[in-house]
Amino acid sequence: MRAVIQRVKHASCTVDGQITGQILNGLLILLGIEEADTNEDLKWLGQKFLNLRIFEDEKGLMNKSIQDIDGNILLISQFTLFAQTKKGNRPSFIRAAKPDKAKPLYEEMVKLLGQLLQKQVQIGIFGADMKINLLNDGPVTIIMDSKDRDNF
């Protein structure tokens with residue numbers, strides 16, 4: 001699994017003109033799932049999301065987690081995080097998991113984060129043409145990959 005985590009002041013997802021999820025103060029997480037991903041990847045990333053200390057404390061240092069600030073999460077599925085651009089100019093998405101594998105793992109991540117955060121996780125619609133609106137705070141943007149844990 002690959003994720004782009006953005007600390008945001010606000011974020012929302014709109015599909016066909018309707019808001020499907022919106023948050024104030026928290027994390028916008030774009031989540032890509034590949035064929036090789038397992039529940040172990042899911043659990044590892046879920047814990048990392050909740051424990052990342054990227055929110056400012058009273059001294060202005062990044063020492064607080066989303067749990068510490070009672071923040072919110074907007075989780076968006078994004079297969080394009082597995083784009084391969086080595087050959088030519090048109091990206092290949094061959095490493096991205098097919099919907100029959102990716103959707104259950106995405107839904108399980110929604111469930112896991114909701115349980116860990118003890119509040120509802122806001123979401124987009126899996127496979128839909130989504131419009132994401134956000135105000136990145138900092139900006140703070142972090143990339144994580146469950147298959148490359150030593151470098152992220």
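Modeller: Let us start at the hairpin of β1 and β2, which has two residues between the strands and in which Asp 16 takes a positive phi near 50°. Please keep in mind that this is a predicted model, in which local features need pLDDT of at least 70, side-chain atom pairs count only at pLDDT 80 or more, and totals for chains, interfaces and linings use all residues. Residues are numbered from 1 along each chain as its sequence is written, and side-chain values use heavy atoms, with hydrogens and water left out.

Biologist: What makes β1 and β2 a pair of strands?

Modeller: Strands are DSSP runs of E with at least two residues, helices are runs of H or I with at least four, and both are numbered from the N terminus. Two strands pair if DSSP finds at least two bridges between them; β1 (residues 2-15) and β2 are joined in the antiparallel sense over 13 bridges, so they count as paired. One of these bridges links His 10 to Leu 24 in β2.

Biologist: How do you know that β2 also pairs with β5?

Modeller: Six bridges join β2 to β5, and these two strands run parallel. In β5, Ser 77 is the bridge partner of Leu 31.

Biologist: Why is the link between Arg 95 and Glu 34 called a salt bridge?

Modeller: The term asks for a side-chain nitrogen of Lys or Arg within 4 Å of a carboxyl oxygen of Asp or Glu, and the closest N and O atoms of Arg 95 and Glu 34 are 3.0 Å apart, so the pair qualifies. Arg 95 lies in the loop between β5 (72-77) and α2 (99-117), while Glu 34 lies in the loop between β2 (18-32) and α1 (39-51), so the pair ties together parts that are 61 residues apart in sequence.

Biologist: Why is Glu 34 called buried, and what is Arg 95 called?

Modeller: Buried means under 20% relative accessible area, exposed means over 50%, and partly exposed lies in between (1.4 Å probe, protein chains only). Glu 34 has 7% and is therefore buried, whereas Arg 95, with 31%, is partly exposed.

Biologist: Which residue meets Lys 147 in a salt bridge?

Modeller: Lys 147 meets Asp 37, at 3.1 Å from N to O. Lys 147 lies in the segment after β7 (131-145) and Asp 37 in the loop between β2 and α1, so the pair ties together parts that are 110 residues apart in sequence. Asp 37 is buried at 2% relative accessible area, and Lys 147 is partly exposed at 40%.

Biologist: How many salt bridges does the structure hold?

Modeller: The structure holds nine, including one between Lys 131 and Asp 129, with the closest N and O atoms 3.2 Å apart. Both Lys 131 and Asp 129 are exposed.

Biologist: Where is Asp 57 found?

Modeller: Asp 57 is found in the loop between β3 (55-56) and β4 (62-64).
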